[in-house]
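Dear colleague,

Please find below the structure that I am handing over to you. My notes on it follow the model.

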Amino acid sequence: FAKASGRNLYRFFDPVMHSQSAERLTLENELRRGIERDELLLYYQPQIDVASGRIVGLEALVRWKHPSMGLIQPSRFVPIAEQTGLIVPLGAWVLRRACTDLRQLQDMGLNNVSIGVNISARQFTDSDVLSQIQQAIEETGIDPQHLDVEITESTLMNNPEHVISYLERMKGLGIRLSIDDFGTGYSSLNYLKRFPVDTLKIDRSFVIDIADNPKDEAIAVTIITLAHSMGMTVLAEGVEHARQAEILANHRCDIIQGFLYGKPMSLPDAIAELQMGRNIAMPEKKAH
Ligand code: C2E
Ligand code: MG
Ligand code: MG
Ligand code: MG
């Protein structure tokens, strides 16, 4: 038998492929168990207002503290969660946890900071994320204007007509909406103008080489102008170097997020940062 269909069999038993799918299956089962056993945790990355140097937001980024494998990054398990549908219970947990944490901040008098929560496409198609948000707001008693729901551009463009009315209902809860990874999807400007969105998040891929590649700078300028002309706020992701921040600030980018100003950190560390209440030194804007 092995001889008869030799090539296919060889491919089927390709050790690399085999170990990859085995790892996936293990991770999937482990993740299902991990969600039940409360092994997920949220890290928070600061978002800095360029004008004031203040932390105005914290993006919630999920981590998985596996009992033997240690801390696992979302790039390793969020895609698997999305493919298997586990993103639905995972996402529900994230939403609840983030709202509980936001409530804690608001109870401490830290009222001027928002928490950003990432929502995947399948949470829209496979669950009633609107009711989940509404419930989380009611049960935690948070001020909803400080909950910032991040949806990627590609998720929004999946079924835009349907998405618009859904987003309008989400806005009806009093929350903020952001488009994540902006510039990497295929936005139709006709839809973009109809999405009731507060913030565009410029994807990190345009920021990485912004100091050396004039085309990346041109794209960033275009997104900033586009956002402002539609009355939206604009945030740049993945800012690691002062020079990148300087260019973005000169082009009137409103908010900056990146390792330059802070990596994702535990809630207590984020609270300590907020309580210091310092004004982070931001690049001077050049006069135009
Ligand atoms: P994202 O929502 O675009 O989040 C930004 C990612 O960029 C985070 O990676 C963050 O740590 C990273 N980052 C921020 N600043 C810098 C920087 O200056 N340099 C570099 N190299 N990276 C930076 P992270 O935490 O690994 O998350 C990766 C992605 O996983 C997220 O991308 C998001 O798509 C997804 N994700 C994370 N948490 C959740 C969640 O709770 N729910 C869902 N549905 N997706 C999540
Ligand atoms: Mg995000
Ligand atoms: Mg992003
Ligand atoms: Mg991303």
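Which residues coordinate the magnesium ion (ligand 2)? The donors are Glu59 (OE), Asn118 (OD1), Glu150 (OE) and Asp180 (OD), at 2.0 to 2.2 Å. Donors here are N, O and S atoms within 2.8 Å of the metal (3.2 Å for Na, K and Ca); water is not among the atoms, so sites may look incomplete.

Two remarks on conventions are needed. This is a predicted model, in which local features need pLDDT of at least 70 and side-chain atom pairs count only at pLDDT 80 or more, while totals for chains, interfaces and linings use all residues. Residues are numbered from 1 along each chain as its sequence is written, chains are lettered from A and ligands numbered from 1 in the order in which they are written, and side-chain values use heavy atoms, with hydrogens and water left out.

**The metal sites**

Along the sequence, the donors of ligand 2 follow the spacing E-x58-N-x31-E-x29-D. Distant parts of the chain are linked by glutamate 59 in strand 2 (residues 55–66) and aspartate 180 in strand 6 (residues 176–182), 121 residues apart. Strands are DSSP runs of E, at least two residues long, and helices are runs of H or I of at least four, both numbered from the N terminus. Glutamate 59 and aspartate 180 are both buried, that is, under 20% relative accessible area, where exposed means over 50% and partly exposed in between (1.4 Å probe, protein chains only).

Aspartate 180 also coordinates the magnesium ion (ligand 3), which is 4.0 Å from ligand 2. Aspartate 181 counts as partly exposed because its relative accessibility is 25%, whereas glutamate 237 is buried, at 11%.

**Ligand 1**

Ligand 1 is surrounded by 22 residues, and the closest are Arg63, Ser120, Asp180, Glu240 and Phe259; a residue is counted if one of its heavy atoms lies within 4 Å. In the side chain of glutamate 240, an N or O atom is 2.5 Å from a nitrogen atom of ligand 1. For asparagine 118, a side-chain N or O atom lies 2.9 Å from an oxygen atom of ligand 1.

**The nonpolar core**

The largest nonpolar core holds 85 residues, of which Ile133, Leu147 and Phe195 touch the most other members. Such a core is a set of buried Ala, Val, Leu, Ile, Met, Phe, Trp, Tyr and Cys residues joined through side-chain atoms within 4.5 Å.

Yours sincerely

Methods: Polar contact = N/O pair within 3.5 Å; in protein donor to acceptor, adjacent residues only side chain to side chain.
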